[in-house]
Amino acid sequence: MELVRVTEAAALNSARWMGRGLKNEADDAATSAMRTVFDTIPMQGVVVIGEGEMDEAPMLYIGEELGTGSGPAVDVAVDPLEGTNIVAAGGWNALAVLAVADRGNLLHAPDMYMEKLAVGPESVGKVDIDAPVIDNLRAVAKAKNKDIEDVVATILHRDRHSKIIEEVRAAGARIKLINDGDVAGAINTAFDETGVDILFGSGGAPEGVIAAVGLKCLGGEIQGRLIPSNDLEIERCKKMGIEVNTVLRMEDLVRGDDAIFAATGVTDGELLSGVQFKGAYGSTHSLVMRAKSGTVRFVEGRHSLKKKPHYVMEY
């Protein structure tokens with residue numbers, strides 16, 4: 001529950017920039033607020049997925065230490081604003097999100113593309129990233145006791161996914177194309193109310209690890225495969241001990257039996273409502289989950305903006 005304060009702060013700060021066309025400013029606002037609140041959390045945290053390498057990011061860089069220095073030793077993966085373009089345009093499904101696991105249990109995913117396949121609890125063990133699209137759609141339809149025409153796949157709207165999109169449509173299934181934010185896309189597969197059954201396609205590898213923590217808490221599944229685009233990225237995979245064509249499964253992405261996932265809506269989405277400002281206060285809608293207990297909490301927050309001055313940004 002302490003960790004949801006971190007995502008709430010990031011969401012409140014970045015939401016000030018919604019629709020202003022300034023994605024970098026929105027991201028900086030989320031990062032600054034998240035970093036400030038992390039300092040109050042009793043833990044010995046180390047950023048393993050963050051805003052970049054030390055020489056690229058002023059804060060929440062890979063290797064940065066977080067927390068008060070007391071408490072559990074943990075790996076921390078953060079995406080202070082998943083969906084910078086979404087916020088800049090005032091679109092749907094932007095999140096402030098983080099994941100925490102015991103030290104050494106999160107894959108230190110390099111900043112490259114990852115092919116992904118994600119499903120909710122009913123379809124665990126029934127899908128295969130190496131199988132044809134139609135076979136995975138049929139498997140999900142059978143697992144969820146529905147016709148293939150009622151299955152909804154979510155896919156990032158990119159030219160590179162044109163073949164997948166064509167195959168899903170040829171199978172008779174439906175598609176929800178998203179412009180950004182595939183952490184939300186993956187997590188949504190585990191909630192019936194979102195209307196999403198499966199996620200296909202490639203996106204950022206760091207986001208794949210964060211999504212894996214969320215799905216671990218929910219009893220879902222994600223499979224991934226790193227897609228290096230040049231020799232330097234191939235070399236990074238080798239240094240990590242990962243064969244380029246190897247399928248990464250849940251235990252490769254997040255090991256152990258315990259992990260925590262927290263997210264707060266920045267803009268409205270299928271699962272979480274976005275930040276609303278009501279003059280003297282702001283409202284937030286968050287999700288916080290723990291894998292060990294299986295507890296899933298939705299948290300509605302009302303925040304006095306006068307008593308939280310670091311949420312008020314100059315713009």
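This is a predicted model: local features need pLDDT of at least 70, side-chain atom pairs count only at pLDDT 80 or more; totals for chains, interfaces and linings use all residues.

Mentor: Helices and strands are DSSP runs numbered from the N terminus, where a helix is a run of H or I of at least four residues and a strand is a run of E of at least two. Residues are numbered from 1 along each chain as its sequence is written, and side-chain values use heavy atoms, with hydrogens and water left out.

The fold as a whole comes first. The protein chain contains nine helices and 13 strands. The C-alpha trace spans about 55 × 45 × 40 Å along its principal axes. Of the 315 residues, 54% are buried, a term that stands for under 20% relative accessible area, with exposed for over 50% and partly exposed in between (1.4 Å probe, protein chains only).

Rolling a probe the size of a water molecule over the atoms shows where empty space is left. On a 1 Å grid over the protein atoms alone, a cavity is a set of points where a 1.4 Å probe fits but cannot get out, whereas a pocket is an open set with protein on both sides within 12 Å along at least five of seven lines; a lining residue has an atom within 4 Å of a point. Grid points are joined across faces, edges and corners, and the volume is the space filled by probe spheres set on the points.

The largest pocket has a volume of about 1,000 Å³. Its lining comprises 38 residues, and those closest to its centre are Asp79, Asp111, Gly204, Pro206 and Glu207. At least two lining residues come from each of α2 (23-38), β1 (44-49), β3 (73-82), α3 (84-89), β8 and α7 (205-218), and β3 gives the most, with five. By class, this lining holds 13 nonpolar, 10 polar and 15 charged residues. In these classes, Ala, Val, Leu, Ile, Met, Phe, Trp, Tyr, Cys and Pro count as nonpolar, Asp, Glu, Lys and Arg as charged, and the others, Gly among them, as polar.

The second largest pocket has a volume of about 370 Å³. Twenty residues line this pocket, and Met1, Leu3, Val100, Ile260 and Arg290 lie nearest its centre. Strands β4 (95-102), β10 and β12 (281-290) each supply at least two of its lining residues. Its lining divides into 13 nonpolar, two polar and five charged residues.

The largest cavity holds about 100 Å³ of space. It is lined by 15 residues, with Leu95, Ala184, Asn188, Leu271 and Leu272 closest to its centre. Helix α6 (182-188) and strand β10 (259-265) each contribute at least two residues to this lining, which divides into nine nonpolar, five polar and one charged.

The second largest cavity holds about 60 Å³. Its lining consists of Asn93, Thr154, Lys176, Ile178, Gly181, Ala184, Gly185, Asn188, Val196 and Glu270.

The model has one aromatic pair, formed by Phe191 and Phe298, which is edge-to-face at 5.9 Å centre to centre and 70° between the planes. Rings of Phe, Tyr and Trp (its six-membered ring) pair if their centres lie within 6.5 Å, and planes under 30 degrees apart count as stacked, over 60 as edge-to-face and the rest as tilted. Phe191 lies in the loop between α6 and β8 (198-204) and Phe298 in strand β13 (residues 296-304), 107 residues apart. Phe191 is buried, at 8% relative accessibility, whereas Phe298 is partly exposed, with a relative accessible area of 38%.
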